[in-house]
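Me: I'm new to this one and would like to learn how its labels are decided. Could you show it to me first?

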Amino acid sequence: MRKTGIFAALALSAAVATPAIAQLDVEEQIETRQSAFTFAAWNMGKIKAQAIDGTVAYNEQQMLAAANAIASVANSGLGGLFGPGSANDKNDNTRLKPVFFDKPEKAREVAIGFAQAANKLQEVAANGGGKGALAAQFSEVGKSCKACHDEFRAE
Ligand code: HEC
């Protein structure tokens, strides 16, 4: 699991270094990554509602489905959606800061953090770790989202 995460995260930095990997045009990359993050956030919301807020009854299967979805996003090779010219100095439809392209090491670090946290979340959910364990790892995933946003997402 952990290895997969690191590999996916490395793929992110590799895509930054070799933009030829990108298959979609810039507009499509932006739309697709925004959708991916929105989808991840939707699934984070389910875990928050059931494992933290308790506004929805706790359902282990639904928690596993949500964790699987978040891990899938984290391991999908998101780097292919961060091609050159896709930051907000060149395109008005995005909140990606141009500094993303100046800090490949930092980009790699936050991507690895996200993948590792998401893989662990999946592991906890798959092992039926229970509400408390899931809530704790949810918080770690949330921190990994924030680490990237603080650095690379404009207000
Ligand atoms: C590797 C960096 C990174 C990670 C990790 C990350 N995000 Fe983001 N997120 C961004 C960037 C950059 C944008 C802005 C994308 C754009 O506008 O092109 C964004 C945008 C978003 C958006 C707005 C999407 C839209 O329609 O504009 C949401 C919601 C979001 N992220 C939630 C999350 C959640 C929840 C997580 C963790 C589960 C997460 N993000 C992890 C970088 C990241």
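Me: Which residues gather in a patch of negative charge on the surface?

Reply: D25, E27, E28 and E31 do. Asp and Glu count as negative, Lys and Arg as positive, with His and the chain ends not counted. A patch takes residues with over 30% relative accessible area and no salt bridge, joining like charges within 9 Å and nonpolar side chains (Val, Leu, Ile, Met, Phe, Trp, Tyr) within 5 Å. This is a predicted model, where local features need pLDDT of at least 70, side-chain atom pairs count only at pLDDT 80 or more, and totals for chains, interfaces and linings use all residues. Residues are numbered from 1 along each chain as its sequence is written, and side-chain values use heavy atoms, leaving out hydrogens and water.

Me: Why is D25 called partly exposed?

Reply: Buried means under 20% relative accessible area and exposed over 50%, with partly exposed in between (1.4 Å probe, protein chains only). D25 has 43%, so the label is partly exposed.

Me: What makes K48 and D53 a salt bridge?

Reply: The rule asks for a side-chain nitrogen of Lys or Arg within 4 Å of a carboxyl oxygen of Asp or Glu. For K48 and D53 the N to O distance is 2.7 Å, so the pair qualifies. K106 and E109 also form a salt bridge, at 3.1 Å. The whole structure has five salt bridges.

Me: How many disulfides are there?

Reply: A disulfide here is a pair of cysteine sulfur atoms within 2.5 Å, and the count by this rule is zero.

How values were computed: Accessible areas come from the Shrake-Rupley method with a 1.4 Å probe; for residues, only the protein chains shown count as cover. The place of a charge is taken as NZ of Lys, CZ of Arg, CG of Asp or CD of Glu.
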